[in-house]
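Reader: I have the sequence and the model open and would like to go through them. Please keep to plain answers.

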Amino acid sequence: MRGSTRRGAVVAAAVGLTLVLAACGGDDDGGDDSGSGGDGGSSEGPTGSVSINSTQPENPLIPTTTNEVGGGNIVDAMWTGLVSYDSATGEPGLAVAESIEPNEDFTQFTITIKDGWTFHDGSPVTAQSFVDAWNFGAYGPNAQLNQYFFGPDGANIAGYDAVAGQTDDTGAFVEGSATAETMSGLEVVDESTFTVTLGSPNSLFETIIGYSAFYPMPESFFTDQAAFIEHPVGNGPFEFVEEVPNTSINLTAFADYAGDPKPQVENIEYRVYADLDAAYADVVANQLDILDKIPPVGLAGDVWKTDLEGRSASEPLTTRFTSMTFPLTNTEAWADPNLRKAISLAIDREAVIAAAYGPGNYVPANSWVPPGNDGYVEGTCGEWCEFDATKAQELYAQTAGVQGTLLISSNSDGGHREWVEAACTSIRETLGIDCQGDYDPDFGSFRARVNANEITNPFRTGWVADYPSIQNFLAPLYTSNGSANDGGYSNPQFDELIRQAAGLEGQEALDLYNQAESLLSEDMAIIPLWYDNGQRGWSTNVNEPQFTWKGYVDPLSISVQN
Amino acid sequence: MGRYVVQRLGQMVPVVIGTTFLIYALVWALPGDPFAARCGDRPCPQNYVDRMTAEYNLDDPLPIAYLQYMGKLLTGDFGQTFSGASIAAELAQRYPITLQLTLLAILVEVVIGVAAGVLAGIRRGGFVDNLVLVSTLVVVSIPVFVLGLLAQVTFGVRLGWFPVTSDGSLYSLVLPAVVLGSLSLAFVARLVRANLVENLRTDYVRTAIAKGLPRQRVIGVHTLRNSLIPVVTFVGADFGGLLGGAVVVEGIFNIPGVGNMIFRGINAHEGATVTAAVTVLVLVFMIVNLLVDLLYAVLDPRIRHV
């Protein structure tokens, strides 16, 4: 008897579980119908819900410390700055600012902001909102990731040094060295006006302050940061609803948004994907509405064109640039410009792209600034970026050559091993020297070695522009003390031209930037490889969305199909 | 029985300490600066790196840093991820999902596995037997990630029977659970079949048949019950394997479970996250195995825990 009652219990439990399962299966027949119209009754105003692929934000949603894509896209949807960039051209235009008046040498700017802007919590956007946010971002002890945007590498606001504090010889922050909490260059004139004094002339100031580090912050942020991190408050077209950690971040259209155009979609779900392949499968099955990047699984054999027929697009991105950099400070091996030129000549960029990414998915570069940016000149790299086996061999013969095996360092993930292998093949066949990849398993380990200046052979360098300007492709990367000058390239003439250009405007400035760029082709310390193309797809639930100059979806352009 | 349980619980302490130390040491020993990748193609501001280094005690020697970590852990403070989120909250949110997935997988593996094993065992050499043998062979020889992608494309994208990725509903976990459980299902089926075939030849079965008991009762009660002991052992041990296998399946189906968390933690060098997730994993695993051992006594009264 004992046996049978136990068996009964087991069977009952199994049946129970099955019933639970069946019940759960039943109530969700439609699956996730993201983006299916929504119920916004009125004909005006935002309607519907859409989902967009995202990654888990790596930092709290505070503009001054968000510097990666996952958080950056959400911050950009939740905030509007003084200036915003036109989504198609990247051209800066006034947003919250009514006017930005420079003095004649671009060292002082008077900024007036428009009336009627409020934060999502109802508090007004004032001059103080900007000044406080910028001081917070620059203050050393706050350790904000975007701190340098307020310093010499960005806007260079007067008094930055005192606020940022100092670092010692090893680069460690000196405790207590930040002597002020506010930058002397920022002055609030009245409720809606403030002046900014810069440490050096900068005609690009208006462009730079469109970057997310310069967004305003509501008063509540400064009184209770913890509460703010739980529920961030911006002044942009979409307001924060909730975060389901590691699953999604949900925004809804802000009814009192003062900017233009207004949001067309009511709810946006930024859905977190650990693996882009899963997002791709979802968008193919119409269970995700917008995918801003097609993973290799879709690019291989161009299957994305058939999988997403009529709902996908590809266009060149104006913001990304991949190059190979020679280290110049920790070794003498690459001091000869002819050697660097010979290696550049020996790389058949077209063939490498075809082998590593599929033909046409990237564009061979022959300049240090991608097309589409103001001041782009085709072919500044000239003959040195064109594959020419004979010339490469001739030039190589004049140099001391490469000692031993030529190594190219990169991280092996993210599709980089593929191009390094292909480039090595091209160099090996052209110059007849040994060439090998030198890989780190991930981007972190690779960057750690680059930052420590440990790599003594050419290595991969990539760049994603912070703001749409030719200056951002040159100054941080190639000036002697640029924050992203990984190879230690230093050319006083280049530095001088960049410095002068910062004090000029329009064509005059562009001319100087172009002159500086042409110096790069004489030295070839950084050899251009290619510009990116952006491929994206969307579901049948939405109309074709627009993508920003950065290559991410513009939330204001999203609308659901009726 | 009570004493046995206490004894077993006591044994867990050194195991937990040992595993957490190993995991903690290994994750922080991963090559590369955990903060180097956090600022794209330029170095992070030094004060940011300093603050993070201090926050995770990375300047201290490993044993000290570990002790500091464990000290916090004992007071229930699991620490924070690099993005400042509470790890404890994340665990609380993710564990139920992974447990649901794992339990579903076990359900699939036990229900289908035992049924297939019994059907194959009672008619040895028959059509069903061969069918089970061949189909389990196929399942065993395909790696989980291939099976997962195949199932996702076939049943999710093409046929549309299941959601392609997890949408939070239990239903969306069914397909991943079948994939996850399929390998063990094959083992269970073969295990049940082999045991059943063997037990059907034993004396007590012959006695039962001679006594005139109906066939269902002979197989269903006398034979199957004895054949299930190895299966229970297997399923208990497999529980840990399934939790581990969830890393792959959760990635394919974008399920926000612990596997995903561990994977992301390892990639980001977040020692605190990985250690916390794995510690709980170890605890769950040990408790399940304790339950399994107790279950033996239920299945076979001759086994007594004193």
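This is a predicted model: local features need pLDDT of at least 70, side-chain atom pairs count only at pLDDT 80 or more; totals for chains, interfaces and linings use all residues.

Reader: How many helices and strands does chain B have?
Author: Helices (H or I, at least four residues) and strands (E, at least two) are DSSP runs, numbered from the N terminus. Chain A has 18 helices and 17 strands. For chain B the count is 11 helices and 0 strands.

Reader: What radius of gyration does chain A have, and why does it agree with a compact globule?
Author: The radius is taken over C-alpha atoms, and the globule rule is 2.2 Å times the number of residues to the power 0.38. With 562 residues, that rule gives a value near 24 Å, so chain A agrees with it at 26 Å.

Reader: Is Thr322(A) buried or exposed?
Author: Thr322(A) sits in strand β12 (residues 312-325) of chain A. Leaving out residues up to four places away in sequence, its contacts (heavy atoms within 4.5 Å) include Thr461(A), Pro528(A) and Trp530(A). Buried means under 20% relative accessible area, exposed over 50%, and partly exposed in between (1.4 Å probe, protein chains only). Because its relative accessibility is 10%, Thr322(A) counts as buried.

Reader: How many salt bridges are there over all chains?
Author: Side chains of opposite charge can pair when their charged atoms come close. A salt bridge is a side-chain nitrogen of Lys or Arg within 4 Å of a carboxyl oxygen of Asp or Glu. By this rule the count over all chains is 15.

Reader: Which residue forms a salt bridge with Arg447(A), and how many residues apart are the two?
Author: The closest N and O atoms of Arg447(A) and Asp486(A) are 3.1 Å apart. The pair links distant parts of the chain, from helix α15 (residues 443-451) to the loop between α16 (470-478) and α17 (492-501) of chain A. Arg447(A) is buried because its relative accessible area is 0%, and Asp486(A) counts as buried at 13%. The partner is Asp486(A), and the two are 39 residues apart.

Reader: Is Lys305(A) buried or partly exposed?
Author: Lys305(A) forms a salt bridge with Asp302(A), with the closest N and O atoms 3.4 Å apart. Asp302(A) has a relative accessible area of 28% and is partly exposed. Since the value for Lys305(A) is 45%, this residue is partly exposed.

Reader: Which helix holds both Arg206(B) and Asp203(B)?
Author: Arg206(B) and Asp203(B) form a salt bridge with their closest N and O atoms 3.6 Å apart, and both are exposed. They lie 3 residues apart, about one turn of the helix, in chain B's helix α8.

Technical notes
Residues are numbered from 1 along each chain as its sequence is written. Chains are lettered from A and ligands numbered from 1 in the order in which they are written. Side-chain values use heavy atoms; hydrogens and water are left out.
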